[in-house]
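My notes follow in the order I took them.

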Amino acid sequence: MQYWAKGPTDVAIGEICTLTGASKPGIYREFGSDDGLKLATLEVYSTLALQPLFEILQQDQEFEDAQAALIAFTTQDRAALGLPSGCLHVAMRAQSNKLGTMTREKVDQMRQDVLGNYAAWIERAKSRGEFRTDIPTDVAALFYDALNGAAMRMQKEGVPNGVIANVLRLAFRGMQ
């Protein structure tokens with residue numbers, strides 16, 4: 001959670017040791033390196049944050065209902081869930097040049113998974129006549145990914161969730 005709350009390059013191993021009660025040799029024995037620890041963190045993060053997103057995108061529901069579910073998921077009260085605001089994946093993408101090889105590869109793979117899920121969702125909506133066919137699917141997938149990243153950044157900056165939801169609704173209007 002520290003990487004998520006503070007940023008992927010702003011947490012020292014010593015701080016993690018203090019928080020967990022583990023020794024540095026114990027951390028390195030378990031994860032091999034700082035890179036291994038960040039990779040393990042991304043695996044947990046994927047389960048907490050990306051899997052629920054994918055479940056929304058993979059449901060067989062009307063496009064408008066899926067968009068509403070995406071807005072609700074994006075703007076949920078993270079504090080009530082014990083989760084930091086913002087998005088670890090977005091933060092790691094922004095600082096990927098400061099990450100180790102394994103973590104960078106995982107971040108890239110996660111990004112492809114996100115874009116692939118958005119693209120499949122958009123294609124299903126197009127096949128049902130619920131999405132504009134004049135917008136290329138890859139462009140639309142990047143658009144939704146960018147909106148999610150912007151929403152996560154706004155959340156981290158303290159913009160109220162209601163305002164973020166309204167921004168997303170406004171942006172989503174042009175896609176149908």
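Entry 1, largest cavity. I sorted the lining of the largest cavity by class and got 10 nonpolar, three polar and three charged residues. For the classes I counted Ala, Val, Leu, Ile, Met, Phe, Trp, Tyr, Cys and Pro as nonpolar, Asp, Glu, Lys and Arg as charged, and the others, Gly among them, as polar.

I am working on a predicted model, where local features need pLDDT of at least 70 and side-chain atom pairs count only at pLDDT 80 or more, while totals for chains, interfaces and linings use all residues. Residues are numbered from 1 along each chain as its sequence is written, and side-chain values use heavy atoms, with hydrogens and water left out.

I searched the whole structure and found two cavities of 30 Å³ or more. A cavity here is a set of points, on a 1 Å grid over the protein atoms alone, where a 1.4 Å probe fits but cannot get out; lining residues have an atom within 4 Å of a point. Grid points are joined across faces, edges and corners, and the volume is the space filled by probe spheres set on the points.

The largest cavity has a volume of about 140 Å³. It is lined by 16 residues, of which Y45, L50, L53, C87 and N148 are the closest to its centre. Two or more lining residues come from each of α4 (34-58), α5, α7 (88-94), α8 (101-127) and α9 (137-156). I note α4 as the largest contributor, with four residues. Helices are DSSP runs (H or I, at least four residues), numbered from the N terminus.

The elements giving two or more residues are α5, α9 and α10, and α9 gives the most, with three. By class I get seven nonpolar, two polar and no charged residues.

I then checked α5 (residues 63-74) against α10 (residues 161-173): their axes come within 10 Å and cross at roughly 155°. Axes are lines fitted to C-alpha atoms, for helices over the stretch in contact, and angles run from 0 to 180 degrees between N-to-C directions. The angle makes α5 roughly antiparallel to α10 (over 145 degrees). Q67, I71 and T74 of α5 meet A165, L168, R169 and F172 of α10 in the contact (heavy atoms within 4.5 Å). I class these contact residues as four nonpolar, two polar and one charged.

Technical notes
Angles under 35 degrees count as roughly parallel, over 145 as roughly antiparallel, 65 to 115 as roughly perpendicular and the rest as oblique. On a 1 Å grid over the protein atoms alone, a cavity is a set of points where a 1.4 Å probe fits but cannot get out, and a pocket is an open set with protein on both sides within 12 Å along at least five of seven lines; lining residues have an atom within 4 Å of a point.
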